[in-house]
Amino acid sequence: MINGGAGVAFIGSGSAQLETALSNDMLSRVVDTSDEWISTRTGIRQRHVANGEESLASLAAQAAQRAISAANLTPGDIDLIVLATSTPDDLFGTACQVQAAIGATSAVAFDLTAACSGFVFGVVTAAQFIRTGTYQTVLVIGADLLSRWVDWQDRTTCVLFGDGAGAVVMQACDRDRLLGFEIHSDGSMNGCLNLAYTAAAAPLTDEISTQKGTFTAITMNGREVYRFAVSRVPEVLEKTLFHAGLAADDIDWLILHQANQRILDAVAKRLKLPNERLVSNMAKHGNTSAASIPIALDEWVRTGKVLPGQKIAMSGFGAGLTWGAALLEWGR
Ligand code: ACO
């Protein structure tokens with residue numbers, strides 16, 4: 001804990017419920033794939049997709065409201081909203097729309113972009129504001145609608161991703177429950193995973209050409225990302241545990257970004273963590289990017305698996321490339 005600052009507690013979680021489920025079988029009618037290929041290579045059986053009426057802001061607001069209720073607070077108690085997303089409704093930011101939708105009139109709100117590491121980066125960012133005494137109560141939301149940006153004809157990517165939102169409320173407290181964290185970036189590997197803007201020249205006057213462009217669908221070098229994840233994720237978790245003076249065996253729950261069951265299993269094996277402590281819901285949701293960790297956390301909290309006082313290790317990894325880990329104790 002920083003001198004003169006406060007500790008951080010994790011006091012409530014929430015997630016949004018999306019109606020529309022897209023099964024592997026349904027997807028195999030859109031693109032040349034099969035339930036067998038997808039489930040054996042990734043562990044994914046279905047994903048949820050936002051329908052025409054749902055927006056990033058509406059899903060994020062739903063998750064936020066549930067987290068605030070679970071924390072026994074009202075929206076007016078929130079000082080800061082950090083919305084981790086790579087798929088905003090508005091490139092100027094979507095967090096303020098969420099602030100208005102939930103009526104968090106005292107909160108300052110901003111977006112944070114770190115792809116699938118976004119939620120962990122958001123938790124770390126929130127903790128800085130709390131530890132320095134700047135804010136008391138912070139809402140961190142992870143929300144993504146990757147279905148907007150997948151190429152439904154590219155079977156190497158479209159089978160992986162889904163939509164969702166999850167949130168957590170963090171609050172200042174005497175004893176610090178954020179036991180450790182590490183966050184990292186390696187831009188030299190940026191080309192492995194992109195949702196990139198492509199510019200086109202747009203002549204304005206005889207002398208000046210501006211640009212007008214579009215974002216192109218997600219592209220990914222799956223094998224490189226896989227190799228990156230299975231080496232960096234155990235490493236960052238081991239470092240975080242070491243600096244917190246803890247061993248892997250002290251972790252009650254390991255919540256990794258839900259990218260691929262094989263990645264999760266490889267990380268748990270390297271940490272010698274029994275499979276019962278490895279949280280996985282990707283069969284139901286696929287890879288929901290910044291939303292995957294808070295959705296998994298909320299499902300485990302609401303079903304009574306995560307109990308107050310238990311230790312949770314989280315790790316996010318993805319585009320950037322970015323990766324990070326946070327070690328926390330759940331509850332007030
Ligand atoms: N259905 C059927 N066949 C397919 C599909 C599909 N959906 N996708 C690929 N194939 C085929 C390929 O064309 C290839 O065929 P070929 O041998 O005839 O050329 C074969 O299956 C093997 O393809 P690989 O790419 O080698 O498959 P791999 O075992 O590496 O699995 C996967 C691919 C699942 C993408 C894996 O590499 C992976 O999970 N990587 C990590 C990706 C990840 O986690 N990304 C998210 C990061 S988070 C973020 O920031 C968004």
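These are my notebook entries on the overall build of this chain.

**Entry 1: the model.** I am working with a predicted model. I keep that in mind for every value below.

**Entry 2: helices and strands.** I looked up the secondary structure first. I found 10 helices and 15 strands in the chain. Next I checked the radius of gyration, which is 19 Å. The globule rule gives 20 Å for 332 residues, so I noted the chain as being as compact as a globular protein of that length.

Entry 3: I then looked at the box around the C-alpha atoms. Along the principal axes, they fill roughly 60 × 50 × 40 Å.

**Entry 4: contacts along the sequence.** I took the contacts between residues at least 6 apart in sequence. Of these, 75% join residues at least 24 apart.

**Entry 5: charges.** I looked up 25 positive and 33 negative side chains. The centres of these two sets lie 7 Å apart.

**Entry 6: domains.** Where does the chain divide? Domain 1 covers 7-175. Domain 2 is written as two pieces, 179-188 and 219-329. I noted 16 Å between the C-alpha centres of domain 1 and domain 2. I also looked up how they meet: 43 residues of domain 1 are in contact with 39 residues of domain 2.

Key. Residues are numbered from 1 along each chain as its sequence is written. This is a predicted model: local features need pLDDT of at least 70, side-chain atom pairs count only at pLDDT 80 or more; totals for chains, interfaces and linings use all residues. Side-chain values use heavy atoms; hydrogens and water are left out. Helices (H or I, at least four residues) and strands (E, at least two) are DSSP runs, numbered from the N terminus. The radius of gyration is taken over C-alpha atoms; the globule rule is 2.2 Å times the number of residues to the power 0.38. Contact means heavy atoms within 4.5 Å. Lys and Arg count as positive and Asp and Glu as negative; His and the chain ends are not counted. The place of a charge is taken as NZ of Lys, CZ of Arg, CG of Asp or CD of Glu. Domain bounds come from an automatic or database domain assignment.
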